[in-house]
Amino acid sequence: MGSHLQIQGDESVLLRVTHSNLKSFSTDVRFSLQLTVEAVKEKMWKKCGTSVNSMGLELYDEMGAKVSELSDNSRPLGFYSPQDGYRLQVIDFDPSSVTSGGWLEDTSLVEKYKISEEAYDKLDGNSVEIISSCTFRRFKGKLAHQNPSAHETKIPDNYVEELCAKIKVGDRCQVEPGEKRGVVKFVGQAETLGPGFWIGVQYDEPLGKHDGMVKGTRFFDCPPLHGAMVRPDKVQGKLK
């Protein structure tokens with residue numbers, strides 16, 4: 001399986017970011033080529049409010065021609081060969097998104113807190129601050145509702161343990177999505193990643209996120225950008 005991965009050291013790229021719903025949103029953002037597509041989406045969620053699960057990313061060259069869709073969340077950004085000056089289009093697929101309807105850009109659509117001038121004059125500084133804070137929290141709450149990570153349910157410690165029964169260290173395997181092939185290097189719990197059981201995989205090609213060390217904990221050894229920690233339901237084991 002061929003690859004046009006282009007990553008060297010800590011190279012980065014400067015992209016102009018636009019948004020499908022926010023016509024006035026246009027900003028230059030510098031990205032590390034080693035960021036995964038999922039990490040890019042997380043970064044964009046914080047900037048424009050589109051949830052990660054409802055977000056698509058498209059890359060366009062300087063002439064406006066579409067280069068590619070960033071469809072694999074596990075791939076590093078460098079895989080898609082972006083260049084300085086290219087445009088990254090954020091696509092919001094959620095019709096009920098906080099970005100839809102134009103109210104983030106058209107202030108006439110935003111419900112305003114109404115108070116008479118006489119009542120306002122009687123407010124002290126703390127009261128004004130409280131009103132502003134409440135308005136901001138309502139907006140922030142709607143953004144958080146768009147992001148599934150803000151509503152994570154508690155995962156049991158033995159989550160997906162039964163799926164690990166037939167997966168052994170040393171097995172050849174394939175990880176979905178993307179049909180990424182490699183070798184199982186770790187099977188077990190990983191507290192730094194979250195409750196439940198995980199599978200550590202060394203990919204045959206540099207399609208991973210690390211070298212076997214995640215969040216300061218080493219689970220296995222492999223070349224840089226060949227390692228991944230995934231849930232066992234993503235792994236097909238015992239390949240030839």
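Colleague: What makes you say that arginine 87 lies over the face of tyrosine 60?

Modeller: This is a predicted model, and in it arginine 87 is 4.4 Å from the ring centre of tyrosine 60. The cut-off for a charge over a ring is 6 Å from the ring centre, together with an angle within 35 degrees of the ring normal. Arginine 87 is therefore listed as lying over the face of tyrosine 60.

Colleague: Over which ring does the charged end of arginine 231 sit?

Modeller: The charged end of arginine 231 sits over the ring of tryptophan 198, at 3.8 Å from its centre. The distance has to be within 6 Å, so 3.8 Å meets that part of the rule.

Colleague: How many aromatic pairs does the structure hold?

Modeller: The structure holds two. One of them is formed by phenylalanine 79 and tyrosine 80, with 5.2 Å from centre to centre and 85 degrees between the planes. Centres must lie within 6.5 Å to count as a pair, and planes over 60 degrees apart count as edge-to-face. With 5.2 Å and 85 degrees, the pair is therefore edge-to-face. Phenylalanine 79 and tyrosine 80 are both buried.

Colleague: Why is the pair of phenylalanine 186 and phenylalanine 219 called edge-to-face?

Modeller: The ring centres of phenylalanine 186 and phenylalanine 219 are 5.2 Å apart and their planes stand at 65 degrees. That angle is over 60, so the pair is edge-to-face.

Colleague: What does this pair tie together?

Modeller: Phenylalanine 186 is in strand β7, residues 180-190, while phenylalanine 219 is in the loop between β10 and β11, so the pair ties together parts that are 33 residues apart in sequence. Phenylalanine 186 and phenylalanine 219 are both buried.

Colleague: How do you know whether histidine 210 is buried or exposed?

Modeller: The relative accessible area of histidine 210 is 13%. Buried means under 20%, so histidine 210 is buried. This residue is found in the loop between β8 and β9. Leaving out residues up to four places away in sequence, histidine 210 touches several others, among them Phe220, Cys222, His226 and Met229.

Colleague: What makes β11 and β12 edge strands?

Modeller: The five strands of the open sheet come in the order β11-β8-β7-β6-β12, with antiparallel pairing. Strands β11 (227-230) and β12 (235-237) each pair on one side only. From one strand to the next, the twist averages 45 degrees.

Colleague: How do you know that β6 and β12 pair?

Modeller: Three bridges join β6, residues 172-175, to β12, and the two run antiparallel. At least two bridges are needed, so β6 and β12 count as paired. In β12, glycine 237 is the bridge partner of cysteine 173.

Terms used. Residues numbered from 1 in each chain as written. Predicted model: local features only at pLDDT ≥ 70, side-chain atom pairs only at ≥ 80, totals over all residues. Heavy atoms only, no water. Helix = DSSP H or I, 4+ residues; strand = E, 2+ residues; numbered from the N terminus. Axes fitted to C-alpha atoms, helices over the stretch in contact; angles between N-to-C directions. Phe/Tyr/Trp six-rings, centres within 6.5 Å; stacked < 30°, edge-to-face > 60°. Buried < 20%, exposed > 50% of the residue type's maximum accessible area, 1.4 Å probe, protein only. Contact = heavy atoms within 4.5 Å.
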